[in-house]
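Colleague: I have just opened this model and would like to learn how its descriptions are reached. Could you walk me through them?

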Amino acid sequence: MYINISLGKQYGLLLSGGLSSSLLLYLMMKDRPTARVQPFTISNASENSILYANPIIDYFNSKFGWTIPHTIKVGNDLLPEDQLYDSSLLFILKKHTDIVELFNGSNNSPDGPPPIPSRRKIKKPFLFFTKDKVLELIYNEGLDDIIDLTHSCTIQSVGRCGHCRNCTVRSWAFSTVGKFDTGTN
Ligand SMILES: [Zn+2]
């Protein structure tokens, strides 16, 4: 899968520390080591995504010789979950005016409502994929290692609850592609 970005322009990426955004970061950088991509992590106290984002960046930088900067934590812990995302996006685009497009790896739910198309500066290249397709791409790109580095649960910051939306979809995706989830984060 090819992600269309231009060298010399500044891009942002929401890096949650999960499978989809990690794959998206890889696809943005692949074959374009000088691409300018600044990761941002919306992190709140319960999921604590910030713990997982930088180790993924470090992994890519060390494996491929890239120089992706460390993530910038965004989000106000006091806001309810449903306002956290929108307020974080506004904050990023207002403060980082050099960002021409902000990428988001979110994908379609296997059983949810149809996805909402992206707003102008927000790009969601996986919007019409379900998580099993994301996993297939991860295996096809030889990125099996990131499975152990990623964290998907939104209830626990370490380990997994096994029943939140993200845990359920992750486990569904692995069984759909017929693979064992070696991750424990
Ligand atoms: Zn969970």
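Colleague: What should I know before we begin?

Modeller: This is a predicted model, in which local features need pLDDT of at least 70 and side-chain atom pairs count only at pLDDT 80 or more, while totals for chains, interfaces and linings use all residues. Residues are numbered from 1 along each chain as its sequence is written.

Colleague: How many helices and strands does the protein have, and how are they counted?

Modeller: The protein has six helices and five strands. Helices (H or I, at least four residues) and strands (E, at least two) are DSSP runs, numbered from the N terminus. Read from that end, the order is β-α-β-α-β-α-β-β-α-α-α.

Colleague: What makes the protein as compact as a globular protein of its length?

Modeller: Its radius of gyration is 15 Å, close to the 16 Å that the globule rule gives for 185 residues, so the protein is as compact as a globular protein of that length. The radius is taken over C-alpha atoms, and the rule is 2.2 Å times the number of residues to the power 0.38. Along the principal axes, the C-alpha atoms fill a box of roughly 40 × 40 × 30 Å.

Colleague: What share of the residues is buried, and what does that word mean here?

Modeller: Buried residues make up 36% of the 185. A residue is buried if 20 or more other C-beta atoms lie within 10 Å of its own, exposed if 12 or fewer, and partly exposed in between, with C-beta atoms placed from the backbone.

Colleague: Why is α1 described as largely enclosed by the rest of the structure?

Modeller: Eleven of the eleven residues of α1 are buried, so the helix is largely enclosed. Among them are L19, S20, Y26 and M29. The cover over these buried residues includes β1 (10-14), β2, α2 (50-64), β4 (99-104), α4 and α5 (145-149).

Colleague: How do you know that M29 is buried?

Modeller: M29 has 21 C-beta neighbours inside 10 Å, so M29 counts as buried. Leaving aside residues up to four places away in sequence, M29 touches A35, V37, F60, W66 and I68. Two residues are in contact if their C-beta atoms, placed from the backbone, lie within 7 Å.

Colleague: Why does D31 count as exposed?

Modeller: D31 has 7 C-beta neighbours inside 10 Å, so D31 counts as exposed. Its place is in the loop between α1 and β2 (36-42). Most residues other than glycine have a negative phi.

Colleague: Why is α1 called oblique to α4?

Modeller: Helix α1 (residues 19-29) and helix α4 (residues 131-140) pack at an angle of about 45°, with axes 10 Å apart. That makes α1 oblique to α4. Angles under 35 degrees count as roughly parallel, over 145 as roughly antiparallel, 65 to 115 as roughly perpendicular and the rest as oblique. The axes are lines fitted to C-alpha atoms, for helices over the stretch in contact, and angles run from 0 to 180 degrees between N-to-C directions.

Colleague: Which residues meet where α1 packs on α4?

Modeller: L19, S20 and L23 in α1 meet V134, L135, L137 and I138 in α4. By class, this contact of α1 with α4 has six nonpolar, one polar and no charged residues. Ala, Val, Leu, Ile, Met, Phe, Trp, Tyr, Cys and Pro count as nonpolar, Asp, Glu, Lys and Arg as charged, and the others, Gly among them, as polar.

Colleague: What about α4 and α6: why are they oblique to each other?

Modeller: The axes of α4 and helix α6 (residues 165-177) cross at roughly 60° and come within 8 Å. The two helices are therefore oblique to each other. The contact includes K131, D132 and L135 of α4 and R170, W172 and F174 of α6. The residues of this contact of α4 with α6 divide into six nonpolar, one polar and four charged.

Colleague: Finally, is D144 buried or exposed?

Modeller: With 11 other C-beta atoms within 10 Å, D144 is exposed. D144 is in the loop between α4 and α5.
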